[in-house]
Amino acid sequence: MTGAHVAPGGGAAGYLGAGSTIRTRIALVYGGAFLVLGTVLLLVVNLLVLAGTHDETNAIVARADQVAAVEAYELGDDISRAAGEQMLMWSSLALLVMACCAVVVGWWTAGRVLRPVHEMTARAGRLSERNLHDRIAVRGPDDELKELGDTIDALLGRLEAAFDSQRRFIANASHELRTPLATQRVAIQVGLDEDCEVRQVLLDANRRSERLIDGLLLLARSERGLAEREDVPLGEIAAEEWADAYVVGDGGLVRGSRVLLGQLARNLVANAVAHNLPGGTVEVRAEAGVLTVTNTGPVVPPDEVAGLFEPFRRGEGRDRMGPGAGLGLSIVRSIAAAHGGGVRAVARGAGEGGGLVVTVTLPVADPSG
């Protein structure tokens, strides 16, 4: 199987194009090899037959008398030529038929040989950071394919351990930091008078740290996936976070966690309000499985929109010591992914009022249950 790889731009892959499958290439290689070898065999056989026919013709003519010798030679040449033409025609036809059969046999053989590879590809395609506990688990003889499957399983094991370690670290660190922050807040409130100028600064910094820790906890929780799901009315959640939310129908039922989906809507609205212009607008629209939040605000370059979903990223000009922790949209993306959905943001131009249109798409609950 290691010899089946063909470098891009060369060999069979170069002629068949990037879209050709290994099975097709193997089948055509089988057929091509048979055609070349069969052609060589056909030439050798025809040359030997012609030589043998010529010798036999000479032997027959030698037994004829002198009167019939000339006619015998001509007759022998005609017989040899006719026999050669017939043999060449039928041999070529048989060669083409057998070459087609070789392609079919190569296709069938390649399919059986590559079937474990297709199964491994299908299993690997279903893997993500949320189900790294699954394994390829190749069964069969101890060959190269099983060795490849075992190597992938070992890699998945290392990835699973790394992801679990990262999530545990975030969760444990966040929990451990909550206690000293609560202690600091009490000490500030009790130890400093309300008219102290430093008191409010310290309390704001303390609250910001608590929001950051809560965001990290929520991010770690959503990345672990959902243990339980229920039917959640998307329109109701949108209305709870924004009184002027426009709901199409009932907004649709989505399958997931009400707590996490509420946090998703809360982060979207809070982000839209925080990055809005003075006197600007915020529009929240809930449809069947789709939640859209639009705001006015600074014009965001299209090539910077994707970076807004990264943790600790804020919009241009935002104060790093401001109220935001830079986790709003990253938490939205993580929660949407945990529900099997996705999120997309589109920057609006200056003529549209600037800002963003953030659309979250979630799987709709099955009405039949």
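This is a predicted model: local features need pLDDT of at least 70, side-chain atom pairs count only at pLDDT 80 or more; totals for chains, interfaces and linings use all residues.
1. Helix α6 spans residues 234–241, and its buried residues are Leu234, Gly235, Ile237 and Ala238. Viewed down the helix axis, these buried residues fall within an arc of 160°, so they line one face of α6.

2. What do the buried residues of α6 pack against? Their partners are the strands β1 (230–233), β2 (246–247), β3 (253–256), β4 (282–287) and β5 (290–295), together with helix α7.

3. The axes of α6 and α7 lie 9 Å apart, and the two helices pack at an angle of about 45°.

4. On the α6 side, the contact with α7 involves Glu236, Ile237, Glu240 and Glu241. On the α7 side, Arg258, Leu261, Gly262, Ala265, Arg266 and Val269 take part. By class, this contact has five charged, four nonpolar and one polar residue. Ile237 is listed among the buried residues of α6 and also meets α7.

5. Helix α7 (residues 258–274) also packs with helix α8 (residues 328–338): the axes come within 9 Å and cross at roughly 150°. Angles over 145 degrees count as roughly antiparallel, and α7 is therefore roughly antiparallel to α8.

6. Which residues make the contact of α7 with α8? From α7 come Leu260, Leu261, Gln263, Leu264, Asn267, Leu268 and Asn271. From α8 come Gly328, Leu329, Ile331, Val332, Ile335 and Ala336. The contact has nine nonpolar and four polar residues, with no charged ones; the contact of α6 with α7, by comparison, includes five charged residues. Leu261 of α7 belongs to the contact with α8 and also to that with α6.

7. Between strands β4 and β5 there is a loop, and Ala288 is located in it. Is Ala288 buried or exposed? Its relative accessible area is 53%, and exposed means over 50%, so Ala288 is exposed. Both strands flanking this loop, β4 and β5, are among the elements that the buried residues of α6 pack against.

8. How far apart are the C-alpha atoms of Ala288 and Ala365? They are separated by 9.6 Å, while the two residues are 77 residues apart along the chain.

Terms used: Residues are numbered from 1 along each chain as its sequence is written. Side-chain values use heavy atoms; hydrogens and water are left out. Axes are lines fitted to C-alpha atoms, for helices over the stretch in contact, and angles run from 0 to 180 degrees between N-to-C directions. Helices (H or I, at least four residues) and strands (E, at least two) are DSSP runs, numbered from the N terminus. Angles under 35 degrees count as roughly parallel, over 145 as roughly antiparallel, 65 to 115 as roughly perpendicular and the rest as oblique. Contact means heavy atoms within 4.5 Å. Ala, Val, Leu, Ile, Met, Phe, Trp, Tyr, Cys and Pro count as nonpolar, Asp, Glu, Lys and Arg as charged, and the others, Gly among them, as polar. Buried means under 20% relative accessible area, exposed over 50%, partly exposed in between (1.4 Å probe, protein chains only). The arc is that of the directions from the helix axis to the C-beta atoms.
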